[in-house]
Amino acid sequence: MSARTHMPVGREAIEIKGWIGAHRFLLLRRTSQLLFLVLFLLGPWFGIWIVQGTLAGSLTLGVLPLTDPFITLQSIVAGHWPELTALIGGLIVLVAYALIGGRVYCSWVCPINPVTDAANWLHRRLDLPKGWQPKRSTRLWVLAMVLVVSGLTGVIAWELINPITMLHRGLIFGAGFVWAMVAAIFIFDLLVARHGWCGHICPVGAFYGLIGSKSLLRVSAANRAACDDCMDCYAVCPENQIISPALKGKPGTTPLILSPDCTNCGRCIDVCAVDVFNFTHRFDDHVAAPSDPVPAPDRRAARPI
């Protein structure tokens, strides 16, 4: 393991790329998340109705319907067949995330993501233990349970407690309970389970991971021969179990991160000082040739005569 492992995460990348270069995709993600929020809030706050609705279901410019396909699925399971407009909106979103990358929603759109990212940043700064780490399959069981409850009760079960939709309502109406839920998620990720909410609990992320399992957009460790084992990519990745197969794969194995758990957040690209990672498509599995090794010094020349 490299001595650089003990440096603050991302320090070397900042020294080489500059602060903006080492936070490029993080800044783009925050801009994207803020833009989506602003588009939804312009109407209620200022009467500028570019988008009507929430991330659960909306109408853009009075023409384009967009519906969360997870909500559409719950509605069908609950026995409430959606109207044609909602079905079309759900199909549009489903196809888009199936092509682009399902969990892109988690890192580039979801307003809860900055909350969990902030909890993880503080967790690292305070050097807290990992805490309780349930199995990654837990969120799949939660997803299944949500669908079962929807089918048994005839209601769209997750929307009763969905913090994403509730946050939208809280920003519009100022409901105090919403902020308590957001605070609870922050504390859960900070003190109970690192990356706990998005990585182990949230059924929305599990659903988008499933629909994006064959998506085109991928992160590749194409330059993995340059890896200096600083471990910064593992430190910042919210699903760091997905890195090793691509980064430490044997010759002939794909450098692509093909796991549906990948959120395509791009932080591994940001913090890597030697540019191991890059965004590409799932059919680009080339691996960069290793650089010529630096010859070892001739120790015989240093011996006294």
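# Salt bridges, buried residues and a surface patch

Guide: Welcome! The side chains of R103 and E239 meet in a salt bridge, 2.8 Å from N to O. This is a predicted model, in which local features need pLDDT of at least 70 and side-chain atom pairs count only at pLDDT 80 or more, while totals for chains, interfaces and linings use all residues. Residues are numbered from 1 along each chain as its sequence is written, and side-chain values use heavy atoms, with hydrogens and water left out.

Visitor: Why is the contact of R103 and E239 called a salt bridge?

Guide: The term asks for a side-chain nitrogen of Lys or Arg within 4 Å of a carboxyl oxygen of Asp or Glu. R103 and E239 are 2.8 Å apart, N to O, so the pair qualifies.

Visitor: What makes R103 and E239 a pair that ties parts together?

Guide: R103 lies in the loop between α4 and α5 (104-108), and E239 in the loop between α12 (232-236) and α13 (243-247), so the pair ties together parts that are 136 residues apart in sequence. Helices here are DSSP runs of H or I with at least four residues, and strands are runs of E with at least two, numbered from the N terminus.

Visitor: Which other residue forms a salt bridge with E239?

Guide: That is R139, with the closest N and O atoms 2.9 Å apart. R139 sits in helix α7, 100 residues away from E239.

Visitor: How do you know whether E239 and R139 are buried or exposed?

Guide: Buried means under 20% relative accessible area, exposed over 50%, and partly exposed in between, with a 1.4 Å probe and protein chains only. E239 has 2% relative accessibility, so E239 counts as buried. R139 is at 3%, and therefore buried. Salt bridges that share partners join R103, R136, R139, E239 and D261 into one network.

Visitor: What makes L91, V95, L99, I100, L216 and F283 a patch?

Guide: Patch residues have over 30% relative accessible area and no salt bridge; like charges are joined within 9 Å, and nonpolar side chains (Val, Leu, Ile, Met, Phe, Trp, Tyr) within 5 Å. L216, for one, has 38%, so L216 passes the area cut-off. Together the six named residues have about 580 Å² of accessible area, by the Shrake-Rupley method with a 1.4 Å probe, only the protein chains shown counting as cover for residues.
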